[in-house]
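Colleague: Could you take me through how the core, the sheet and the chain contact of a model are read?

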Amino acid sequence: MTMNGDSPASVDARAVSFGVEAKTLLDSVDMRAERGQFVGLIGPNGAGKSTLLRTLSGVLRNQEGTVWLEGADLQSMPARDVAAMLALVPQIAPYTQGFTAFELVLMGRYPHLGRFQVEGETDDRIAKAAMRLTETEEFETRTLDTLSGGERQRVFLARALAQQPRILLLDEPTSNLDVLHQLTILGLVRKLVDEGLTAIAAIHDLNLAARYFDRLVLISEGRVLTEGRPEEVLTPETIESAFGVRAAVYRDPVTDALAISLIGPAQGDGVAPPDRAAAGQNGMSSASRR
Amino acid sequence: MQAVGLTTLRSYRQMGISARLAIGGALLLALVIVVGLISLSLGPVDISVGDVAWIVLSALGFDTPEFGRTEQLVIEQIRLPRIIVVAIAAGFTGLFFLALPLFAFAGAIAAAFLVYGIAVVGGHFSMATLLLAGVAVNAFLGAIVSAIIIFLPDNELLREVLFWLAGGLDARAWEHVRIATPLIVGSTAVLLLMSRDLNLMMLGDDEARSMGVRVGVTRVALLATAALATGAAVAVSGTIAFVGLVIPHVLRLVLGPDNRVLIPMSALGGAVFVMAADTVARMVIEPAEIRVGILTAFVGAPFFIFLLIKNKRQVYSL
Ligand SMILES: Nc1ncnc2c1ncn2[C@@H]1O[C@H](COP(=O)(O)OP(=O)(O)OP(=O)(O)O)[C@@H](O)[C@H]1O
Ligand SMILES: [Mg+2]
């Protein structure tokens, strides 16, 4: 299904709705990601970001609307074909059962292997390369239960990369990472995107969202509030209406990236931020600390 | 000594899948042969391990030196079928405790799906519910079996039922081998083909699904295959308790959780264990014998509890 003769969007969700029992978790969501784009999903807890990512990956079946992956209807595709082109890194990485990090990463080759095939040297090489990219080679022989949260998160990203997907879905990929790895991992995805990967990531850190993504989709209560380039979406008004937080948005004088300072809850008796920040007198030093 | 063992194990786990299968398989197969020969040689008629080896080889069509006719008959007609029943049945016994041989099959499959059906009520599979449903269905069917036993018309029949329930391998003939082998070998092959899917499903349904596993279909297929193999095994050997629980768990601690290795190794390991248990059961109070199922439960249950306590974190649910 090609539109206007152009190559179809990598991911094109049209009027997608998903609900459980009487509750609507996604309400007629439209979202697109073109090939070679890094799209961020932002929104408060419970907005439906994970639900949307799981729907786009086929783990959940949307009851209404259609998800098109490179022009093909997701629901009519065999699960294996979907997994060969799209990888999902879950928000919470499961880790029981004593598999080593390398064994887990090698599982990423599953959709590319026939039932009668075993992993060969090529698969080993791909898995090792993925671990190198995510700086997880040193955990190769460790079992997953012995890894820290951030280490495990990077191992799961390595597995997704070993899947060699054309579309990568990341559910809060930096949630457990130290500041250095937040930058290196998002930098890695950014680089892969520049080389032609399509990536969609849910993310809470608005400063990272402003810096690394081509487009942002702001979701609240299962609906898309706005979308566009980071500077279009991340305005004090939208941040306040979506998150209930007063914010200042400016160009960071050091990195020249769009920067967001969260001033405090917009109203009510929310826990007040520490005085220093509220006083706003050392705004410069907090900007250059990063 | 222990450190050397650990290092060896660690390097074993880092080998490729083919190497792990070849090495583990060769070791366990050697054990199967050694234990098998010893077991064949022991019994009321004493036959040396060497003669046993010759008899088995000649039965397989090799040229061998002379040996006594009686010995040959004892081995070929009595001990060999028994041991093969033991070997092939072993990996799969001890799961479903059910009716009589004729019905064991249908019963095993029906019970498996009943248990599974309870575990997926509401469209959501839960391992905890599966285990609890297994316990409940087992208790219910156990009650039916008890009721049947109480109302059995004559003592001869009663003895037979009780013997079968306690797991027994006496008077197994080639007929039993012929019935069970294709089913068990076939099911094992199918399970092996699904073992990579099973690996992914151990990380959870969503994970498996996002990697391209058709979780629902695969689970039903796995269950049906396992129930078929178990049914076939139980039909010819009676219920030999705890083998199916203990052997895979022990091997998992040693060999790691990869089901592609674990499934074939459990079949071999189970064979070694039950053959050894059967030999002991035959020998300890000669000429009578303890039921092998009683013996495996006697050894298996305490050992399993020991494992649970010692390695709480590492004993994974099947
Ligand atoms: N099975 C379910 N039954 C009922 N409610 C559910 C179910 N699954 C998710 N929800 C609800 O759907 C909403 C969206 O969940 P989702 O995980 O998509 O949020 P999210 O945007 O990823 O939030 P977070 O930022 O906390 O990760 C939440 O309110 C959640 O409680
Ligand atoms: Mg989420």
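Predicted model: local features only at pLDDT ≥ 70, side-chain atom pairs only at ≥ 80, totals over all residues.

Colleague: Which residues have the most contacts inside the largest nonpolar core?

Modeller: In soluble globular proteins, nonpolar side chains tend to be buried together. Here the largest nonpolar core has 136 residues, and those with the most contacts inside it are A:Val105, A:Val155, A:Leu169, A:Ala199, A:Ile200 and B:Ala232. Helix 13 (residues 259-283) of chain B gives the largest share of this core, 12 residues. Because domain 1 (11-234) and domain 2 (242-290) of chain A both give residues to this core, it lies between them. Setting aside neighbours within four places in sequence, A:Val155 is in contact with residues including A:Ala101, A:Leu104, A:Val105 and A:Phe139.

Colleague: In what order do the 6 strands of the open sheet in chain A come?

Modeller: The order is 6-7-8-3-9-10, with mixed pairing, and strand 6 (86-89) and strand 10 (223-228) of chain A are the edge strands, each pairing on one side only. From one strand to the next the twist averages 15°. Strand 3 (residues 38-42) and strand 8 (residues 198-202) of chain A run parallel and are joined by 4 bridges; A:Leu41 has A:Ala202, in strand 8 of chain A, as its bridge partner.

Colleague: How many residues of chain B are in contact with chain A?

Modeller: On chain B, 25 residues are in contact with 22 residues of chain A. The largest share of the side of chain B that touches chain A, 4 residues, comes from helix 10 of chain B, and by class that side has 9 nonpolar, 8 polar and 8 charged residues.

Notes. Residues numbered from 1 in each chain as written. Chains lettered and ligands numbered in written order. Core = buried A, V, L, I, M, F, W, Y, C linked by C-beta atoms within 7 Å. Buried ≥ 20, exposed ≤ 12 C-beta atoms within 10 Å, placed from the backbone. Helix = DSSP H or I, 4+ residues; strand = E, 2+ residues; numbered from the N terminus. Domains from an automatic or database assignment. Contact = placed C-beta atoms within 7 Å. Pairing = 2+ DSSP bridges. Axes fitted to C-alpha atoms, helices over the stretch in contact; angles between N-to-C directions. Nonpolar A, V, L, I, M, F, W, Y, C, P; charged D, E, K, R; others polar.
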